[in-house]
Amino acid sequence: MGILDRFSLDGKVAIVTGASAGLGVATAQALAEAGADVGLGARRIERLDETRKLVEAAGRKAACVATDIGKPEDCRRLVEQTVAQLGRLDVLVNNAGLGRAISASKETPESFDEVLAINVRGSFLMAQAAAEAMTEGGSIINISSIMAFWSVGMPQASYMASKAALLGMTRDLAQQWTGRKGIRVNAIAPGFFKTEMTAHAWDQFMAAQRPSIPAGRAGDPFELAAAVVFLASEASSYITGETLVVDGGRTIL
């Protein structure tokens with residue numbers, strides 16, 4: 001196998017959660033361009049149609065499934081329908097997430113629990129369902145954040161706790177499943193990328209953060225998607241339990 005062949009996902013099937021917007025859309029498109037058929041999960045199924053068109057424009061097939069990863073039955077259905085429509089499962093990208101900027105003195109227990117229920121419990125439920133279907137091994141990629149280990153000075157206790165928990169879960173699933181099931185489990189910690197969660201205060205936020213980013217700019221969604229393709233492919237076959245930081249150098253300062 002040549003080096004470029006190792007980056008190919010020809011014949012593979014991937015699932016992307018949170019595939020209706022932002023980084024999920026870019027990730028699904030990149031996986032398709034690398035050769036994978038893609039199962040698309042999101043709560044807003046009507047918005048998955050645009051992502052489906054991007055996957056099909058790359059010459060691949062898509063399966064769209066309404067999915068709330070907070071519900072175990074939805075996680076199982078996304079995996080089952082992807083396998084039924086696309087034939088197998090090789091890659092899971094746990095991209096769906098929830099974040100709230102609320103003062104720690106004002107965030108309610110219900111709000112805190114909801115963030116962890118989506119970001120941690122939901123990612124675990126998806127990994128659990130996917131691992132059962134990955135009968136020939138595979139790759140699970142958990143999308144965490146640089147806020148798992150570094151604060152941006154915003155009130156984000158529940159979000160930061162959830163993203164840090166994802167890193168611990170990634171390491172444990174890797175040690176449980178890599179040798180026994182042939183499933184590699186890794187995480188990506190993105191820096192600053194414009195998403196629906198950040199759009200409302202993006203200009204002010206980046207004006208404050210840009211001087212501290214060695215690259216001098218925010219990330220392009222496809223720069224994150226390229227890292228996903230790497231961890232999904234055989235190019236990363238000896239990497240498991242690790243966290244790849246994609247932040248333009250922000251956390252080195």
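The model is predicted. Its largest nonpolar core has 32 residues, and another core, of 30 residues, lies apart from it. Two aromatic pairs are counted. Ser 158 and Asn 142 are both buried with a relative accessible area of 0%.

**Nonpolar cores**

- Within the largest core of 32 residues, the residues with the most contacts are Leu 31, Val 38, Val 93, Ile 141 and Ile 188.
- Two or more residues of this core come from each of strand 1, helix 1, strand 2, helix 2, strand 4 (91-94), strand 5 and helix 7.
- Helix 7 supplies the largest share of this core, with seven residues.
- Val 93 touches Ile 15, Val 16, Thr 17, Thr 27, Leu 31, Ile 141, Ile 143 and Val 228, leaving aside residues up to four places away in sequence.
- In soluble globular proteins, nonpolar side chains tend to be buried together.

**Helix 2**

- Helix 2 spans residues 48-57, and Leu 48, Thr 51 and Val 55 are buried in it.
- These buried residues fall within an arc of 60 degrees when seen down the axis of helix 2, so they line one face of the helix.
- Glu 50 and Ala 57 are exposed, on the face of helix 2 turned away from the buried side.
- The cover over the buried residues of helix 2 includes helix 1 (22-33), strand 2 (37-42) and strand 3 (62-66).

**Helix 3**

- Helix 3 (residues 72-86) has 15 residues, and the distance from its first C-alpha to its last is 21 Å, close to the 21 Å expected at 1.5 Å a residue.
- Its buried residues are Asp 74, Cys 75, Leu 78, Val 79, Thr 82 and Leu 86.
- Around the axis they cover an arc of only 135 degrees, which puts them on the same side of helix 3.
- Glu 80 and Ala 84 are exposed on the other side of helix 3.
- Strand 1, strand 2, strand 3 and helix 4 (109-133) are among the elements that cover the buried residues of helix 3.
- Gly 87 follows helix 3 and has a positive phi, near 100 degrees.

**Buried polar residues**

- Ser 158 lies in helix 5 (residues 157-181) and is buried, because its relative accessible area of 0% is under the 20% cut-off.
- The side chain of Ser 158 makes a polar contact of 3.0 Å with the side chain of Glu 107.
- Leaving aside residues up to four places away in sequence, Ser 158 touches Glu 107, Phe 112, Val 115 and Leu 116.
- Asn 142 lies in strand 5 (residues 138-143) and is buried, with a relative accessible area of 0%.
- The side chains of Asn 142 and Asn 94 make a polar contact of 2.9 Å.
- Asn 142 touches Asn 94, Leu 166, Met 169, Thr 170, Val 185, Asn 186, Ala 187 and Ile 188, again not counting residues up to four places away in sequence.
- Between Asn 142 and Ala 189 the C-alpha to C-alpha distance is 8.7 Å, and the two are 47 residues apart in sequence.

**Aromatic pairs**

- The count comes to two aromatic pairs.
- Phe 7 and Phe 230 form a tilted pair, 6.3 Å centre to centre, with 35 degrees between the planes.
- This pair links distant parts of the chain, 223 residues apart: Phe 7 is in the segment before strand 1 (13-17), and Phe 230 is in helix 7 (residues 221-232).
- Phe 7 is partly exposed, with a relative accessible area of 35%, and Phe 230 is partly exposed, with a relative accessible area of 24%.
- The ring centres of Trp 150 and Phe 192 are 6.2 Å apart and their planes stand at 55 degrees, so the pair is tilted.
- This pair too links distant parts of the chain, 42 residues apart: Trp 150 is in the loop between strand 5 and helix 5, and Phe 192 is in the loop between strand 6 (183-190) and helix 6 (202-209).
- Trp 150 and Phe 192 are both buried.

Methods:
Residues numbered from 1 in each chain as written. Predicted model: local features only at pLDDT ≥ 70, side-chain atom pairs only at ≥ 80, totals over all residues. Heavy atoms only, no water. Helix = DSSP H or I, 4+ residues; strand = E, 2+ residues; numbered from the N terminus. Buried < 20%, exposed > 50% of the residue type's maximum accessible area, 1.4 Å probe, protein only. Polar contact = N/O pair within 3.5 Å; in protein donor to acceptor, adjacent residues only side chain to side chain. Contact = heavy atoms within 4.5 Å. Arc of directions from axis to C-beta. Phe/Tyr/Trp six-rings, centres within 6.5 Å; stacked < 30°, edge-to-face > 60°. Expected span 1.5 Å × (residues − 1). Core = buried A, V, L, I, M, F, W, Y, C linked by side-chain atoms within 4.5 Å.
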